[in-house]
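Student: I have a model open and want to learn how to read it. Where do we start?

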Amino acid sequence: MIDPVNNFKIPEEWIVRTGLAREELEEKVASGMIVVLSDGSVLKRGYTTGTTASAAAKAAVLSLKKTVDNVSVPTPVGLRAQLEVSETSQGRAIVKKIPNDHESDITRGLEFVGEAREAEGIRILGGKGIGIVRRDGLQVPKGQPAINPKPMEQIKAAVQEAVEELGLSGAEVTISIPDGERIGKETLNSRIGVEGGISVLGSTGFVEPWNDHLGEMRGDLIRCTDRVVLTTGRIGMRYSHMLFPDYTVVMIGSRISEGLGYASGDVIICGLPGLVLKWGNPEMLESSGYATVVEMLKKEPEHIRLKEAFEMAVEKGKGARIVVIDRDGSVLMDSKNES
């Protein structure tokens, strides 16, 4: 059984631990709306701001000529998302962002409003409550609404479906979030250069049921728990929650030593080989003939420097369990199994 959002092959023992009928579990997993953890727990995903905006935009276009109470929209991972439409009038629709098991998702329940008119081609505009980018270097150009490229593609694809269904030559849709400016003040947007609202995001179309723990709160989170997983990035974050559901998972990037300094009790360091092994031995690639750790692993998985770097990581971990995973969540190295 494979999770279609992250392509993770769910181990059979995890499936058994859920206690659910296999047919029921398969249906839920196939929808992309649940995550199965190693202890058999099942957590509910939600839809991203990008998916919700797509639904509001499509419903607004459809409402130009028909009554709409729910819509199906594409997501970047190829699954369809089905969302209810709260309100419609001609050329206007409201869709609410659905709740999920991500406790700190402050955008849960937000209303997304789509307002559409017939036009030539497809044009998407950002209205009130969508932030404006005020600095260079982000995915969206300075001065533009903070709708990232992937969700913008998703919104346009959803609108294209509506245009084709109605036989229109095109549509212009303005997306707004009435409470977006207030909620935006509770996010990191102002620090990264987005002002006046929230960002429309989402690389998969689905919200994972956990917090990325970005920013200054990392040290406090690590100090306040006696069972912690320090992980190096979002892929590590995703699979650490699945592998170690009884632990607090905190993303620390390349600052593994700093994270260890905050930690006490039962500590696991889990992440991709590039960061974990190079943390163990920063010089492991010198004169090796390889440009990256991933290249070395792929071409020469038994290379002595991989083993040496792992052993050095275990030593630097000072008792922490070291777990190296690949991009699909498979465990490549685990100090618990090697001790």
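Tutor: With a cut-off. A polar contact is a pair of N or O atoms within 3.5 Å. Keep in mind that this model is predicted.

Student: How far is the backbone oxygen of glycine 205 from a polar atom of the side chain of threonine 51?

Tutor: The separation is 2.8 Å. Threonine 51 sits in helix H3, residues 49–62.

Student: Is threonine 51 buried or exposed?

Tutor: Buried means under 20% relative accessible area. Threonine 51 has 0%, so it counts as buried.

Student: Which residues does threonine 51 contact, leaving aside neighbours within four places in sequence?

Tutor: Val73, Thr75, Ala81, Leu83, Gln154 and Gly205.

Student: How is the chain divided into domains?

Tutor: Domain 1 covers 2–44, domain 2 covers 47–207 and domain 3 covers 218–334. Over C-alpha atoms, the centres of domain 2 and domain 3 are 36 Å apart.

Student: Now sheets. How do strands pair?

Tutor: Strands of a sheet pair through backbone hydrogen bonds, parallel or antiparallel. Here 5 strands make an open sheet, ordered S19-S18-S20-S21-S22, with mixed pairing. S19 (248–251) and S22 (331–334) are the edge strands, each pairing on one side only. From one strand to the next, the twist averages 20°.

Student: How many bridges join S21 to S22?

Tutor: There are 3, and the two strands run antiparallel.

Student: What does helix H10 touch?

Tutor: Helix H10 (residues 273–280) packs on the sheet against S20, S21 and S22, its direction at about 140° to that of S21. Helix H12 (residues 304–316) packs there too, touching S21 and S22, at about 145° to S21.

How values were computed:
Residues are numbered from 1 along each chain as its sequence is written. This is a predicted model: local features need pLDDT of at least 70, side-chain atom pairs count only at pLDDT 80 or more; totals for chains, interfaces and linings use all residues. Side-chain values use heavy atoms; hydrogens and water are left out. Two strands pair if DSSP finds at least two bridges between them. Helices (H or I, at least four residues) and strands (E, at least two) are DSSP runs, numbered from the N terminus. Axes are lines fitted to C-alpha atoms, for helices over the stretch in contact, and angles run from 0 to 180 degrees between N-to-C directions. Contact means heavy atoms within 4.5 Å. Domain bounds come from an automatic or database domain assignment. Buried means under 20% relative accessible area, exposed over 50%, partly exposed in between (1.4 Å probe, protein chains only). A polar contact is a pair of N or O atoms within 3.5 Å; within protein, one must be able to donate a hydrogen and the other to accept it, and residues adjacent in sequence count only if both atoms are side-chain atoms.
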